[in-house]
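Hello,

Here is the structure we spoke about. My notes follow below it.

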Amino acid sequence: MLNSRTSGILLHITSLPGGHGIGDLGSDAYRFADFLKETGQRIWQVLPVGPTGYGDSPYQTFSVFAGNPLLIDLTSLRYPKSIANHALKNTPSTPSNRVDYQRTYQFKYPLLESAYRTFTIEATPPQKNDFRDFSEKHKAWLDEFSLFMSLKNEHGMVAWNHWPIDIRQRQPEALRRWSERLRSSIELHKFQQYLFFNQWMSLKRYCNKRGIRLMGDVPIFVALDSAEVWAHPEMFELNSAGKPTVVAGVPPDYFSRSGQLWGNPLYRWDVLERDGYRWWIERFRMMKGLFDIIRLDHFRGFVQYWEVPVRNKTAKRGRWVPGPGKKLFKALNKALGPLPIVVEDLGLITPDVDRLREELNLPGMRVLQFAFGDDPKADDYKPFSFPRNCVVYTGTHDNDTTIGWFRGNNGDACTQSIHQRNLERKCVSEFLGTDGKEINWDLIRLAMMSIANTVIFPLQDVIGLGSEARMNRPGTTGNNWTWRFKWEMLTSEKKQRLKQMTRLYER
């Protein structure tokens, strides 16, 4: 899967320029694919593409199967034809370097509703048949998701475990009554998914024809307020009121002294095992169709996960609980064949996690920003320790940009002292023989020249941006997931430099 020397770029769809307040699947996505082709990059990595909820995190979505309607390109919609002109003329004033999720939602959703109403009137029989075929093909998750979102709209977007008890508990008569009452809204949500998946697959075909593979992210956990938890509460550690008894997180780490309290409900792996992990099989079947390569988030949690009692205010106090381990992956491979997976094996990795990854012959990750500290595992992230079968990053979406990291003035709530950061900076300079003026290119070069088969860089590092362009600060809320770039940032000099380095190191 990743057995030849390859390089690529990490950039989420929302971070593209253009669109209408947010990067989308329109012309700028195709232009970015052309940039990748021009500079010799063969992987485009994105974050999860599901419909985001409160906090705008792509790791906390209303569904792990659905696509985010905010990513739909309005200008290419045929229903109605006037939508393109309307969108172009009446786009709200939003920052070009940040996503304003609320204003974008308020602008785009009425237009998508208008497109659906016109579609019901003007679409030809073959077009309506195509929509019907899509709805039938994805019925297993689409019906639940569309009813869930319609119910959320009807109940002021509050979480499902605050709905009236009959529909919260999915009593058959309540399901029948609400499905009938919300029929039009349900069809609207199906139509939005139809548009998203058509546009996504069009972009994927465009990339693949140019030798570019799309790499997508599959979070291990799902949001409490999601269609999956509402529809399948028996799969999760919930009480009779639909509230979690224990939640997911990680203990104190590089990013936070108090750990990270994610708050996701935890799986009842015994229940999932009894039906052969069918839900996970269908989830991966879907992801395999959307992406050429799958980055499996928090691989460590499949071996052991950190369980935190719901009453706790931080993730400091919890316990490690065994996950499904090899049994899950055996079921996936039996049902779907070998999967193109890269595992996110960062954090507190124990020998049993390494053993499972090696048994499955899956590439793990190495992050150069972790290679120069005083942590005992820092040497694992230095190039002289890399195996060929791994993916090397200068940093991920959770890290600061390389320039921001090196300067060390980003105000992180991480566990490093000023003294530790100064020692780290000194180690970087000595290891690379650099004064740090172009530390982003120093680390890109270090990754490129390494033995690792695959290297990936956040676009921020290619452009050379500081902490102002950081995508996410783990353990914090607000001001995350909003960064966008501008085309003028990708100068011809930077493109040429990336292209030459890619050729030089035979990527």
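In helix α11, residues W280, I281, F284, R285 and K288 meet L328, A331, L332, A335 and L336 of α13, contact being heavy atoms within 4.5 Å. The residues of this contact divide into eight nonpolar, no polar and two charged (Ala, Val, Leu, Ile, Met, Phe, Trp, Tyr, Cys and Pro count as nonpolar, Asp, Glu, Lys and Arg as charged, the others, Gly among them, as polar).

This is a predicted model: local features need pLDDT of at least 70, side-chain atom pairs count only at pLDDT 80 or more, and totals for chains, interfaces and linings use all residues. Residues are numbered from 1 along each chain as its sequence is written, and side-chain values use heavy atoms, with hydrogens and water left out.

The axes of α11 (residues 278-290) and α13 (residues 326-336) come within 10 Å and cross at roughly 55 degrees. Axes are lines fitted to C-alpha atoms, for helices over the stretch in contact, with angles from 0 to 180 degrees between N-to-C directions. α11 is therefore oblique to α13 (under 35 degrees is roughly parallel, over 145 roughly antiparallel, 65 to 115 roughly perpendicular, the rest oblique).

As for the strands, four of them form an open antiparallel sheet in the order β5-β4-β7-β8. Helices (H or I, at least four residues) and strands (E, at least two) are DSSP runs, numbered from the N terminus; two strands pair if DSSP finds at least two bridges between them. β5 (260-265) and β8 (319-322) are at the edges with a single partner strand each, so one side of each has no neighbour in the sheet. β4 (residues 246-250) and β7 (residues 304-309) pair over four bridges, and G249 is opposite W306 in β7.

Regards
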